[in-house]
Amino acid sequence: MADGTLASLATDGGAGLMTLGGGLPTERRRGIGPRPEDVLVRWLDPAKRGGIERVATTIEEMVTASSAHRVLVIVASTRPSADMRSSKDELYPLIVAEGPPGDLFAGSGQEGSITSDSTHRDGIVTDLDVMPTIAEFLGVDLPAEMTGSQIEIIPGPPPFELHERYLAQRRMSVPIGTAGGIYLAIAGLGAIAILALGRRVPQILRRVFGWGCLSVAALATGLLAAGHLPELTYATVIPFVALVTVFGTLAFAPLEHRDVLLIPAGIGNAVLAYFAVEAILSWTAALTPFVGGSELDGGRFYGLPNVFIGLLIGACLWIAHRLRTVAGFGLLVGVALFAGLPYLGANLGGGVSLFAAAGLWLAIRERERFGLWKGLGLFVGVTLLGAALILAAHAISPFETHVTRFEEQAGGLGSVVERVWDRLQVGFDLIARNPFALIPVVGLPIAIAAVLRPPAALRPSLQRSPAWRDAILVTLLAGVVAYLVNDSGPAAAGLAFGLGLGGLLGVSLLSEAGKMGEP
């Protein structure tokens with residue numbers, strides 16, 4: 001801790017990091033329950049009070065002067081310093097301690113830490129947890145309009161190391177993510193140009209770009225897995241991501257001579273295996289990933305990040321085309337449950353998107369049996385049933401997630417519609433802030449049209465394997481669903497577009513050199 005007085009307070013309680021969501025009490029809106037005067041809120045500006053040391057002394061004087069038998073002390077910072085602004089730091093320090101006023105600043109030794117059911121992360125809470133903590137201390141009910149969970153003091157140390165990793169991720173994620181995007185753009189545009197030029201392009205160049213297109217899944221997985229590296233520096237992250245991308249793709253090169261379509265199936269299996277391990281590790285890589293935002297940014301502190309929904313959709317369908325239709329449907333349903341259920345992915349939008357993919361897969365593969373309208377009804381029914389199953393699981397689970405909070409705040413049909421519109425608006429805002437997010441939004445319908453009405457260069461590979469054609473089509477259509485049902489829609493749809501287009505182009509380029517057919 002920067003100040004000895006506050007450090008001693010943290011030894012009697014805990015210190016951690018806090019995200020802001022407008023939940024802190026103020027001097028005007030300070031209390032809850034029948035006696036608002038029991039809550040004292042003071043704003044102390046270090047710039048006007050002689051620095052942080054003087055502010056800490058003032059806090060100690062105020063607490064020790066209290067005549068109460070026990071007090072709850074919460075010290076929070078809500079204004080970014082110059083260093084925080086320059087490092088894009090959006091996490092704010094918070095100290096919580098409870099006990100007799102005269103004992104709270106006498107502690108020595110290691111500081112404690114904090115957590116809450118809002119985050120399920122040691123050392124991390126949200127400011128929405130502050131009022132529930134005050135209400136619990138006062139023994140009063142929390143007003144219905146307030147959300148959040150009680151802050152718990154846990155053994156330390158405070159999350160100093162996690163904060164350093166977070167700052168490193170904030171510093172490097174945009175350059176590294178941009179480099180990955182440029183690589184995929186070169187691979188995709190180059191593949192399109194090569195297919196357009198036809199036989200005039202050397203075979204070696206066709207193979208290089210074909211493998212490049214299929215590497216999108218390994219690249220995305222590597223950008224997430226890099227969050228586990230002991231040190232987050234350019235010297236560690238870039239080589240790691242490059243190695244995962246290259247070897248995670250070329251490891252399946254021996255399958256090419258048996259059947260080109262075994263390559264995406266093998267990659268898909270590897271992706272699903274990695275995500276199973278990530279769930280066992282409590283999604284810790286999602287705290288400092290190099291694609292999409294950190295879960296420390298708030299909103300979703302635990303579970304499957306939205307940006308990887310499309311990766312799971314594509315990976316499942318890269319596998320499903322090698323299976324019987326019912327088995328592929330079962331795979332998609334299983335991964336949908338993995339993505340949406342509490343204790344696993346805890347992502348409602350991810351689960352719904354994958355259930356939609358399952359319904360689409362069954363309807364499209366069995367289109368001659370069901371026809372258009374029954375197939376459409378099957379798709380809608382599977383999607384709605386899956387969504388209801390996930391919502392029911394979260395409603396009865398003691399494991400609080402953002403899905404639980406969504407259910408609590410959705411008080412009726414009108415409220416649900418309003419929240420769905422709000423989620424779409426988040427996607428619009430994302431596009432406004434980052435025009436590159438428009439690429440999957442525009443690209444999905446174009447790619448869907450290319451599958452339904454394939455140009456001559458794509459037609460041979462799609463005609464030789466109708467199951468592969470259907471897998472690409474469902475991947476892209478499920479990407480559209482992912483855009484609609486997730487708040488960060490462009491992010492959720494991005495990798496569905498990437499794996500759909502990458503699979504379409506990559507297999508088309510490699511199929512000329514290797515064998516290809518139905519399983």
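**Helix packing and sheet arrangement in the predicted model**

Helix 12 and helix 18 cross in the right-handed sense, the near helix being turned clockwise from the far one by less than a right angle. The structure is a predicted model, in which local features require pLDDT of at least 70 and side-chain atom pairs count only at pLDDT 80 or more, whereas totals for chains, interfaces and linings use all residues. Residues are numbered from 1 along each chain, and side-chain values use heavy atoms, without hydrogens or water.

Helix 12 (residues 348-365) and helix 18 (residues 466-485) pack at about 145°, with axes 9 Å apart; axes are lines fitted to C-alpha atoms, for helices over the stretch in contact, and angles between N-to-C directions run from 0 to 180 degrees. Helices (H or I, at least four residues) and strands (E, at least two) are DSSP runs. The contact (heavy atoms within 4.5 Å) includes W361 and R365 of helix 12 and D470 and L477 of helix 18.

An open sheet of mixed pairing is formed by four strands in the order 2-3-1-5, where pairing requires at least two DSSP bridges between two strands. Strand 2 (71-76) and strand 5 (124-126) each have a single partner strand, so one side of each lacks a neighbour in the sheet. The twist averages 35° from one strand to the next. Strand 1 (residues 13-19) pairs antiparallel with strand 3 (residues 92-99) over six bridges, and M18 has Y92 of strand 3 as its bridge partner. Helix 4 (residues 130-138) packs on the sheet and touches strand 2, strand 3 and strand 5, its direction making about 170° with that of strand 2.
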